[in-house]
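Colleague: I am new to this one. Could you take me through it?

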Amino acid sequence: PSGFMVGSYTVRSGEDDFFEIDIPAFSLDLPASTYGRFEAGPGLRWASAPVQMNAGTLRMKADLAYSRLMGNNVHLTNVELLGRTIAGRSAAVGRDILRVGAHVDLVGHGERFTGFAGYDGAFQRNANAHTFAGGLRFSF
């Protein structure tokens, strides 16, 4: 079966101030700052029916989503280096984001063991992210 989903993702981030203490000659100082982002968009999820195997029950799902980033797109901050103020900013990230995911779950007969593996990725200009996860659980 497949379905249609509309999702949102909100980020509010902050950075504490930072100053250089190991090499005082540089006098590097970054002030504290905050920024916020919001993204929303449509997506598709495919989930398999449970597949019976010798070892247990296997379930698979895959996600594909598009979202649009709103809010702070470029993080601006002033940096002080050698007593001079330098205007700093992050790389200009794209506002369009493609998110993909694939997950597999295995539940053994009698639920004495379970296992999972997954991948989640976000593709955006100048800001790609990839996450891999896996795990096993045994009970006795």
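Colleague: What is the mean pLDDT of the protein chain?
Modeller: This is a predicted model. In the protein chain, 73% of residues reach 70 or more. The mean pLDDT is 79.

Colleague: How are the rings of Tyr 119 and Phe 132 arranged?
Modeller: The count of aromatic pairs is two. In the pair of Tyr 119 and Phe 132, the ring centres are 4.9 Å apart. Their planes meet at 45°, so the pair is tilted.

Colleague: How many residues apart in sequence are the parts that this pair ties together?
Modeller: Tyr 119 sits in strand E10 (residues 113-123). Phe 132 sits in strand E11 (residues 129-138). The pair therefore ties together parts whose separation in sequence is 13 residues.

Colleague: Is Tyr 119 buried or exposed?
Modeller: Buried means under 20% relative accessible area. Tyr 119 has 18% relative accessibility, so Tyr 119 counts as buried.

Colleague: And is Phe 132 buried or exposed?
Modeller: The cut-off for exposed is over 50%. Phe 132 has a relative accessible area of 66%, so Phe 132 is exposed.

Colleague: What separates the C-alpha atoms of Phe 140 and Arg 112?
Modeller: Phe 140 lies in the segment after E11. Phe 140 is exposed, at 94% relative accessible area. Along the chain, Phe 140 and Arg 112 are 28 residues apart. Their C-alpha atoms are separated by 6.8 Å.

Key:
Residues are numbered from 1 along each chain as its sequence is written. This is a predicted model: local features need pLDDT of at least 70, side-chain atom pairs count only at pLDDT 80 or more; totals for chains, interfaces and linings use all residues. Side-chain values use heavy atoms; hydrogens and water are left out. Rings of Phe, Tyr and Trp (its six-membered ring) pair if their centres lie within 6.5 Å; planes under 30 degrees apart count as stacked, over 60 as edge-to-face and the rest as tilted. Helices (H or I, at least four residues) and strands (E, at least two) are DSSP runs, numbered from the N terminus. Buried means under 20% relative accessible area, exposed over 50%, partly exposed in between (1.4 Å probe, protein chains only). pLDDT is the predictor's confidence in each residue, from 0 to 100.
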